[in-house]
Amino acid sequence: MLSRLILKHFSWYNVTMPSIMEKPSETASNFTGDYSKQVVSRKRVADYGEVYTSEREVNAMLDLVKPETERIESRFLEPACGNGNFLIEVLRRKLAKITERYAQNRLEYERYAVSALCSLYGIDILDDNVIQCRNRLYAYFTNKYMDLFGLYQDENYPSTIKFILERNIILGDALTLRNH
Ligand SMILES: C[S@@+](CC[C@H](N)C(=O)[O-])C[C@H]1O[C@@H](n2cnc3c(N)ncnc32)[C@H](O)[C@@H]1O
């Protein structure tokens, strides 16, 4: 409900995405991103309180609601998502569950993986964070898929993923509910 209320106030924000039919080659399939850099600049810390959460803390916090992080439909809204440290870990956990159940069935995997992606929402006030977050989720999702099934067979599938990310990971001010 909260996520619906907030999302209603934002128009979608268009960014360039990686090529949709190729495996993002520089990213290992189990690589969820670089957690080592927690601060981009002192100015951003002062202006936006931007300090990314470390992988250990992300996991410790998500473990407090572990069953929810593994339940495909459970929804997560990150109102200050940064470059996606929490969202990528939730996606990793959900896709791991889906892989356990549907690795032998591409169509079922595709259906549940899209459902998992649809359950993740993020807002950030800085556009480079929004772009990084979307690209990171896209790269992880695509690598996992291609490890299991090879290249996307339906060209609509990657555009669906892109569409979901553009709609769900958005630029805005989560406090004022205004576009930024
Ligand atoms: C402490 S960082 C946390 C980032 C991420 N949640 C993490 O744990 O790695 C805070 C984030 O909130 C963003 N932010 C600050 N004020 C905001 C606002 N009013 N609305 C949305 N995002 C905001 C910053 O750009 C920054 O990425």
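1. Which helix and which strand each supply at least two residues of the shell around the ligand? In this predicted model, those elements are helix 5 and strand 2 (120-124).

2. Turning to the ligand itself, 20 residues lie around it, and among these Tyr-52, Thr-53, Ala-80, Gly-82 and Ala-174 come nearest. By residue class, the shell around the ligand consists of 11 nonpolar, 5 polar and 4 charged residues.

3. Helix 5, which spans residues 85-102, also packs against helix 6, residues 106-118, at an angle of about 160 degrees and with the two axes 10 Å apart. Because angles over 145 degrees count as roughly antiparallel, helix 5 is described as roughly antiparallel to helix 6. The crossing of helix 5 past helix 6 is right-handed.

4. On the helix 5 side, this contact is made by Leu-91, Lys-94, Leu-95, Ile-98 and Tyr-102, while helix 6 contributes Glu-108, Tyr-109, Tyr-112, Ala-113, Ala-116 and Leu-117. Taken by class, the residues of the contact between helix 5 and helix 6 comprise 9 nonpolar and 2 charged, with no polar ones.

5. A word on confidence is in order. The protein chain has an average pLDDT of 87, and 83% of the residues score at least 70. Over residues 1-20, however, pLDDT stays under 50, although the model has 34 contacts beyond four places in sequence for that stretch. Where pLDDT is low, predicted coordinates should not be read in detail.

Note on methods:
Residues numbered from 1 in each chain as written. Predicted model: local features only at pLDDT ≥ 70, side-chain atom pairs only at ≥ 80, totals over all residues. Axes fitted to C-alpha atoms, helices over the stretch in contact; angles between N-to-C directions. Helix = DSSP H or I, 4+ residues; strand = E, 2+ residues; numbered from the N terminus. Parallel < 35°, antiparallel > 145°, perpendicular 65-115°, else oblique. Left-handed = near helix turned anticlockwise from the far one by under 90°. Contact = placed C-beta atoms within 7 Å. Nonpolar A, V, L, I, M, F, W, Y, C, P; charged D, E, K, R; others polar. Near = placed C-beta within 6 Å. pLDDT = per-residue confidence, 0-100.
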